Amino acid sequence: IGDQISPAKQALAGFTNLREGQRWPVEQPMEGWLRWEGRVLPVIPVDIANFSAGGVAIWVDPQLDLCPGGHGVLITQAHGRGCGYRPVKGCWQVKGANRSLVGLAFER
């Protein structure tokens with residue numbers, strides 16, 4: 001996980017970051033945006049850490065509180081095909097000094 005997150009928080013993230021299926025890390029920086037319920041600002045810039053068939057882990061500003069159970073829409077660039085929009089639900093958040101790692105489940 002890195003980015004100045006304590007070993008205890010890393011262990012918590014490993015425990016709570018349970019997703020079905022294989023997970024793929026993002027090797028090139030992949031940016032996206034998150035529309036989150038109840039936010040005044042239209043979108044939150046995010047960096048995608050990894051993804052799987054069941055969800056995605058994103059890096060966000062550590063000041064943000066994206067509480068578990070909240071809902072939103074993840075917006076990503078679809079490589080020349082416009083943007084992709086995926087409804088998501090917050091699962092967990094681990095705060096670090098410079099950024100927070102947030103687990104989102106894809107809603108079906």
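Trainee: What percentage of the 108 residues of the protein count as buried?
Mentor: The structure is a predicted model. A residue counts as buried when its relative accessible area is under 20%. Applied to the 108 residues of the protein, that criterion gives a buried share of 38%.

Trainee: Is Gly 70 buried or exposed?
Mentor: Gly 70 belongs to the loop between strand E4 (55-60) and E5. Its C-alpha atom is 5.2 Å from that of Gly 90, although 20 residues separate the two in sequence. The relative accessible area of Gly 70 is 1%, and the limit for burial is under 20%, so Gly 70 is buried.

Trainee: Why does Glu 31 count as exposed?
Mentor: Glu 31 is located in strand E2 (residues 31-36). In space, its C-alpha lies 6.2 Å from that of Ile 48, a residue 17 positions away in sequence. Exposure requires a relative accessible area over 50%. Glu 31 counts as exposed because its relative accessibility is 52%.

Trainee: What is the relative accessible area of Arg 108?
Mentor: Arg 108 is found in the segment after strand E7 (100-106). Arg 108 is exposed, and its relative accessible area is 80%.

Trainee: What is the volume of the largest pocket, and which strand supplies the largest share of its lining?
Mentor: The volume of the largest pocket is about 220 Å³. Strand E3 (44-52), strand E5 (71-77) and strand E6 (83-95) each contribute at least two lining residues. The largest share is three residues, and the strand that supplies them is E6.

Trainee: How many residues of the lining of the largest pocket are nonpolar?
Mentor: The lining includes Met 30, Ile 48, Phe 51, Val 56 and Leu 74. Also in the lining are Thr 76, Gly 84, Tyr 85, Arg 86 and Phe 106. Two of the lining residues are polar and one is charged, while the number of nonpolar residues is seven.

Trainee: Over the ring of which residue does the charged end of Arg 86 sit?
Mentor: Arg 86 and Phe 106 both line the largest pocket. The charged end of Arg 86 is 4.3 Å from the centre of the ring over which it sits, that of Phe 106.

Trainee: How far from the centre of the ring of Trp 59 is the charged end of Arg 99?
Mentor: A search of the whole structure for aromatic pairs finds zero. Arg 99, however, has its charged end over the ring of Trp 59, and the distance to the ring centre is 4.0 Å.

Trainee: How many disulfides does a search of the whole structure find?
Mentor: A disulfide is a covalent bond between the sulfur atoms of two cysteines. Cys 67 is partly exposed, at a relative accessible area of 47%. Cys 91 also counts as partly exposed, at 37% relative accessibility. For the whole structure, the number of disulfides found is zero.

Terms used
Residues numbered from 1 in each chain as written. Predicted model: local features only at pLDDT ≥ 70, side-chain atom pairs only at ≥ 80, totals over all residues. Heavy atoms only, no water. Phe/Tyr/Trp six-rings, centres within 6.5 Å; stacked < 30°, edge-to-face > 60°. Lys NZ or Arg CZ within 6 Å of the ring centre and 35° of its normal. Disulfide = S-S within 2.5 Å. Buried < 20%, exposed > 50% of the residue type's maximum accessible area, 1.4 Å probe, protein only. 1 Å grid on protein atoms, 1.4 Å probe; cavity = no way out; pocket = protein on both sides within 12 Å on 5 of 7 lines; lining within 4 Å. Points joined across faces, edges and corners; volume = space filled by probe spheres on them. Helix = DSSP H or I, 4+ residues; strand = E, 2+ residues; numbered from the N terminus. Nonpolar A, V, L, I, M, F, W, Y, C, P; charged D, E, K, R; others polar.
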